[in-house]
Amino acid sequence: MLEVRGLATSYGNIKALKGIDLDVAPGSVVCLLGANGAGKTTFMKTVTGLLAPASGNISFEGEKIAGLSPAAIVRKGISLVPEGRAILSRMTVLENLEMGAYHRRDREVRKDLDGILARFPALAARKGQRGGFLSGGEQQMLAIGRALMARPKLLLLDEPSLGLAPFVVSDIFRILREINAEGTTVLLVEQNARQALKASGYAYVLETGRIAHQGTSSELRNDPKIKEAYLGGRQ
Amino acid sequence: MSFEWLNPYHLQVGSFILINILLGISIYVTLATGQLSLGNAGFMSIGAYASAILTTQHGFSIPSAIVIGSLLAGVSGILVGIPALRLRGVYLAIATLGFGEVLRVVFINWESLTGGAVGIAAIPQMGREILAAVEAAGFSPEDWGLRNNQFISLSIFLILAAVVVLAILFFLRLLSSRVGRAYTAIRMDETAAETSGIDTTYYKVLAFSQGALLSGLAGALFAHATSYISPADFTYHRAVEILVFAVFGGSEALFGPVFGATLLTLLPELLRAISDYRYIVYGILVVLTMVFRPQGLIDPALVAMLTREKPAGGS
C-alpha cells in the first residue's frame with residue numbers, strides 16, 4: 001500500500017534520513033521504533049508532505065506521492081496524527097473534528113462524526129468545550145478522531161503515547177487495534193516499544209536515519225539486541 | 001428643511017475614519033491566518049497612485065480607476081504573498097515593511113509618472129464630480145437645503161460609508177464560512193491545518209491578497225476623497241498606524257480593528273489642542289492596552305456577550 005524506497009531528507013546540511021526502505025501492506029499495523037533523534041518524526045513528515053524529500057521515492061497505492069502538498073496527500077487517503085497532538089486549542093471539540101473532514105464534499109460527514117463520538121465517549125461528553133481544555137489523553141483521542149474524519153485508508157500516528165498515563169496509553173492502543181480491525185491500515189511511530197510491538201504485525205527499527213533492524217513484531221520482541229536496547233533488558 | 005448643522009469638517013473626519021476602518025479590516029484579514037503584514041501602507045499607495053494616474057493622465061472615470069487600482073494592489077499582494085510565505089512572524093513584518101518603503105522610494109524617484117516627492121494634485125474628487133453630475137442634470141444642492149461644500153463632503157462620506165458597510169458584511173460572511181475556518185485553523189496551528197487537508201499555501205496567499213486589495217481600495221478612495229496624494233501619505237508611520245488599529249482595537253474579532261480605527265482617528269481631532277503630541281497619546285494607549293488587555297479592547301468573548309450568543313468555548 002505504502003512503498004518507500006531510498007528516502008532521504010535533510011534539514012539544510014544535516015541528513016536526518018539516509019535512505020529508508022519501508023513497506024506497509026494493506027490492512028496491516030506497522031510500527032517504526034527508534035530513540036530520540038533517530039528520524040522518526042522526520043520520516044512521518046516526509047511521507048505526509050510536510051517536508052520535501054531530498055531523494056528517493058514514496059508511492060501510495062502504486063502512485064508517486066513524494067513532492068505533493070500535504071493537502072493533496074490527505075486527499076489521497078493518508079492522514080497524520082501529528083506529534084504533540086496539534087489540537088486547534090481554541091476551537092471546540094466538535095469544530096476540531098469537523099476540520100478533519102475539511103476536504104470532504106460527500107454527505108456522510110455527519111454519520112462519520114456520530115461514529116467517532118460514539119467511539120470516543122469522552123469526546124462526546126465534552127464536544128462543546130474548547131480543545132485546549134481537554135486532558136492530554138482526551139486531546140490525543142481528539143487528534144485521532146480528527147484524522148479519522150478524513151476517512152483515511154492509511155492512518156499515521158506520531159508517538160500517540162507521548163506524555164500519557166499508562167492506562168490511557170493502553171486505551172489508545174486498544175482503539176488503534178479496533179480501527180485497524182475495521183479496515184484502516186496503520187503506521188505507527190513509537191518510543192514505547194513494548195506497546196508498539198504488541199499492537200503491530202511488522203516493525204522497523206530506525207537508528208540515526210537508517211533502518212537498523214526489521215522483522216515481524218514477534219521476532220523483534222524476542223530478539224536479544226532489541227530487548228536490550230528498547231525493551232529495558234529482561235522482561 | 002435646513003442642514004445648517006452639517007459641518008463639512010466633521011464629515012471629513014468621518015471620511016478619514018471610514019478609510020482607516022478599511023485599512024484596519026485589511027490588516028485583520030491577513031492576521032486572520034496568523035500573518036503579520038506591515039505592507040498595507042504600500043498596497044494602499046499602489047491603489048492610490050494607480051487610480052490617481054489613471055484618472056489624471058489617461059482619462060479614466062473615477063469608478064473604473066478605483067476598481068483597477070484595487071485589483072492592481074490585490075495582484076501585487078499575490079506576487080508579494082507567495083515569497084512572503086517563507087517568512088514568519090516578525091520576519092514577515094520586517095520584509096513587508098521594507099516592501100512599502102521600497103515602493104515609496106520608487107514613487108519619489110519616478111518623477112515622470114508620479115510627480116516625485118511633490119505628489120499628484122488635482123485628482124478628480126468624488127464629491128465634486130457628483131456635484132457636477134447633479135448640476136448637469138439640472139438640480140442644485142440648494143434644492144435639498146445643502147450648501148455646495150456640505151453636499152461634496154456628505155456625498156464622499158456616504159460613498160465611503162456604503163463601501164465600509166459592504167466590506168464589513170463581506171468579511172463577516174467570509175470569516176464564518178469554510179474559508180474563515182481554514183484561516184482560523186492556520187492561525188491556531190499550521191501543522192494541524194495542513195494535516196487536516198487544508199491547502200495552507202492557497203489560503204495564506206488568498207488572505208494576503210485580500211488584505212492587499214482592501215488596502216488598495218482604501219488608497220484609491222483616499223486619493224479621490226482628498227484629491228491630492230504624495231509619498232508622504234504612505235510612510236512607515238502609516239503602516240504602524242494601521243497595525244495599532246489592530247493592536248489597540250483587538251485582532252481576534254473583525255470589530256476590533258474597526259473600533260480601533262474609529263477611536264484612534266477621532267482621538268487626535270478631539271484632542272486638537274495637543275495634536276502635536278498625538279503619538280505620545282498613541283504610545284501610552286498602546287502600552288496600556290498591552291498591559292491591561294493584551295488581546296485588544298474588543299475580543300470574541302466581548303462580541304459574543306454583546307450579541308447575546310453563547311461564547312463558542314463554553315466556560
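Predicted model: local features only at pLDDT ≥ 70, side-chain atom pairs only at ≥ 80, totals over all residues.

**Entry 1**

I then looked for the strand order in chain A. Six strands make an open sheet, and they run β6-β7-β8-β3-β9-β10. The pairing is mixed. I checked the edges next. They are β6 (78–81) and β10 (210–216) of chain A, and each of them pairs on one side only. From one strand to the next, the twist averages 15°.

I also looked for a helix against this sheet. Helix α6 (residues 136–148) of chain A packs on it and touches β6 and β7 of chain A. The direction of this helix makes about 170° with that of β6(A).

**Entry 1: pairs within that sheet**

I went through some strand pairs. β7 (residues 154–158) and β8 (residues 185–190) of chain A are parallel, with five bridges. In that pair I found A:D158 opposite A:V189 of β8(A).

β3 (residues 29–34) and β9 (residues 202–207) of chain A are parallel too, over five bridges. Here A:V30 has A:Y202 of β9(A) as its bridge partner.

I followed A:Y202 to the other side. Its bridge partner in β10(A) is A:T216. β9(A) and β10(A) pair in the antiparallel sense, over six bridges. Their hairpin has two residues between the strands, and A:T208 takes a positive phi near 40° there.

I turned to strand β1 (residues 2–11) of chain A. It pairs with β2 (residues 14–24) of chain A in the antiparallel sense over eight bridges. A:S10 stands opposite A:K15 in β2(A). Two residues lie between the strands of this hairpin, and A:G12 takes a positive phi near 60°.

β1(A) has another partner, β4 (residues 55–60) of chain A. These two run antiparallel and are joined by five bridges. In β4(A), A:N57 is the bridge partner of A:R5.

**Entry 2: two glutamates with positive phi**

I looked up two residues other than glycine that have a positive phi. A:E61 has a phi near 50°. A:E61 sits in the loop between β4 and β5 (63–64) of chain A. For A:E159, phi is near 50° as well. A:E159 lies in the loop between β7 and α7 (166–181) of chain A.

A:E159 has 22 other C-beta atoms within 10 Å, so A:E159 is buried. The cut-off for buried is 20 or more.

**Entry 3: where the chains touch**

How many residues does each chain bring to the contact? Chain A gives 26 residues and chain B gives 17 residues. I listed the elements of chain A that give two or more residues to this side: α2 (70–76), β6 and α3 (93–100). α2(A) gives the most, with four residues.

**Entry 4: the largest nonpolar core**

I looked up which residues touch the most other members of the largest nonpolar core. They are A:L156 and B:L22, in a core of 157 residues. Helix α10 (residues 200–226) of chain B gives the most to this core, with 15 residues.

I checked what B:L22 is in contact with, leaving aside its neighbours within four places in sequence. The list is B:V164, B:A167, B:L214, B:L217 and B:A218. I noted a general point here. In soluble globular proteins, nonpolar side chains tend to be buried together.

**Entry 5: a helix in chain B**

My last stop was helix α6 (residues 126–136) of chain B. B:M126, B:G127 and B:L131 are buried in it. Why do I say that the buried residues line one face of α6(B)? Seen down the helix axis, they fall within an arc of 135°, so they line one face. On the other side of α6(B), B:A132, B:A133 and B:A136 are exposed.

I asked what covers the buried residues of α6(B). The cover includes α3 (62–84), α7 (148–175) and α10 of chain B. After α6(B) comes B:G138, which has a positive phi near 90°.

How values were computed:
Residues numbered from 1 in each chain as written. Chains lettered and ligands numbered in written order. Pairing = 2+ DSSP bridges. Axes fitted to C-alpha atoms, helices over the stretch in contact; angles between N-to-C directions. Contact = placed C-beta atoms within 7 Å. Core = buried A, V, L, I, M, F, W, Y, C linked by C-beta atoms within 7 Å. Buried ≥ 20, exposed ≤ 12 C-beta atoms within 10 Å, placed from the backbone. Arc of directions from axis to C-beta.
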